[in-house]
Amino acid sequence: ELALLADIGSVSCPPAMTVLCQQGEAGHDMYVIVSGSVRVYRCEDGNESELTQLGRGASFGEMALIDESPRSASVATLEKCDLFHLEREPFLEALTRSPQLLRAVLVGFTSKMRSSNDKMLSQAIERERRRAEAEIERHRSISQMVAGVAHEINTPLGIINQAASVITDSVNDKTLDDLAKDDDARDELVDVADAARLILSNAERARKLVTSFKNLSVRQVTDTLETVDIRELLSEVVGLYRFKARANKLEIVIQDELGDGDRQWHGYPGYFSQIILNLLGNIERYAYPDGGGGRIEVDLRAHAGP
């Protein structure tokens, strides 16, 4: 068999960095490395990934000898090589004359394909792992920033609340008669008291929203396993989304079917919050894409069994 192959093949000596096979091009020949080494690589979405390096005694390009299919990878020399080169038509003729050669080729095919698939899979998993880590880090940075901003906002909100409290304590039904010199002054003081109460109520509302933002951000940063009130957590997340929902004419309704004993949930509140926000965002984008708005029902119920 070796003598037969030697007769139908040829030898070449390409220098280093020579591309022998190009991914995607039609293939009609194979190579055996007599000396030197080559690298096998693929390009996907502009990213090059090395599959393997081959040295003396290894072969590549065998699939082209069988079906003339496009090259599944590119091959380039790493150094000056001595290569045995075999064309498709003489090779197929040799296979018909040697069952042992056919068996050896099939065994080589199986081994090489399994090795290449394993390496490609591991590289794909590694790329996905790095992408996921980068995405997590990005969310963590944003969450830390939001938590810091929320903390800073609480300071002026506290001052506003304190100032409004001073006004409401000074101007109330008990002190109006003492402060008002006439009916016009009384009306103005009533307006001031009403405005102070309005400031207090909205400052408290803003404080709760800032606290919700801060809690959500901290949870996404820490990703800790906690036991929380699932009803309160869901209400908090939906409350954060209501501003955007109002702008897009979405009505979000929580239908709570939980008993008091089912409200405690053991899990990751940060992940839960992100999932709910993603679902609401997808509903807005795909269920009501025309901007006409609609109804979103969130059912909260206990699930028995696996």
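These notebook entries record what I looked up in the structure above.

**Entry 1: the model**

I am working with a predicted model, in which local features need pLDDT of at least 70, side-chain atom pairs count only at pLDDT 80 or more, and totals for chains, interfaces and linings use all residues. Residues are numbered from 1 along each chain as its sequence is written, and side-chain values use heavy atoms, with hydrogens and water left out.

**Entry 2: the open sheet**

I looked up the strands next; helices (H or I, at least four residues) and strands (E, at least two) are DSSP runs, numbered from the N terminus. Two strands pair if DSSP finds at least two bridges between them.

I found an open sheet of four strands, with antiparallel pairing, in the order β1-β8-β3-β6. The edges are β1 (10-12) and β6 (59-60); each has a single partner strand, so one side of each has no neighbour in the sheet.

I then followed β8 (residues 82-87), which pairs with β1 in the antiparallel sense over three bridges. Serine 10 stands opposite histidine 85 of β8, and serine 12 stands opposite leucine 83 of β8. Strand β3 (residues 29-35) runs antiparallel to β8 and is joined to β8 by six bridges. There, methionine 30 has leucine 86 in β8 as its bridge partner.

**Entry 3: salt bridges**

Side chains of opposite charge can pair when their charged atoms come close. I use the term salt bridge for a side-chain nitrogen of Lys or Arg within 4 Å of a carboxyl oxygen of Asp or Glu. The structure holds 19 salt bridges.

I looked up glutamate 128 and arginine 131, whose side chains form a salt bridge at 2.7 Å, N to O. Both residues sit in helix α4 (residues 99-170), three residues apart, so about one helical turn separates them. For exposure, I take buried as under 20% relative accessible area, exposed as over 50%, and partly exposed as in between (1.4 Å probe, protein chains only). Glutamate 128 is partly exposed at 42% relative accessibility, and arginine 131 is partly exposed at 46%.

I also noted a network of salt bridges that links Glu126, Arg129, Arg130 and Glu133.

My next residue was arginine 301. Its side chain meets that of glutamate 257 in a salt bridge (3.4 Å, N to O). This pair links distant parts of the chain, 44 residues apart: glutamate 257 is in the loop between β10 (250-256) and β11 (264-267), and arginine 301 is in the segment after β12 (294-300). Arginine 301 also forms a salt bridge with aspartate 299 (3.6 Å, N to O). Relative accessible area is 49% for glutamate 257, which is partly exposed, and 48% for arginine 301, also partly exposed. Aspartate 299 is partly exposed at 37% relative accessibility.

**Entry 4: surface patches**

I looked for patches, which are made of residues with over 30% relative accessible area and no salt bridge; like charges are joined within 9 Å, and nonpolar side chains (Val, Leu, Ile, Met, Phe, Trp, Tyr) within 5 Å. Accessible areas come from the Shrake-Rupley method with a 1.4 Å probe; for residues, only the protein chains shown count as cover.

Leu225, Tyr268, Tyr271, Ile275 and Leu279 make a nonpolar surface patch of about 490 Å². Tyrosine 271 lies in helix α8 (residues 269-287) and is partly exposed at 44% relative accessibility.
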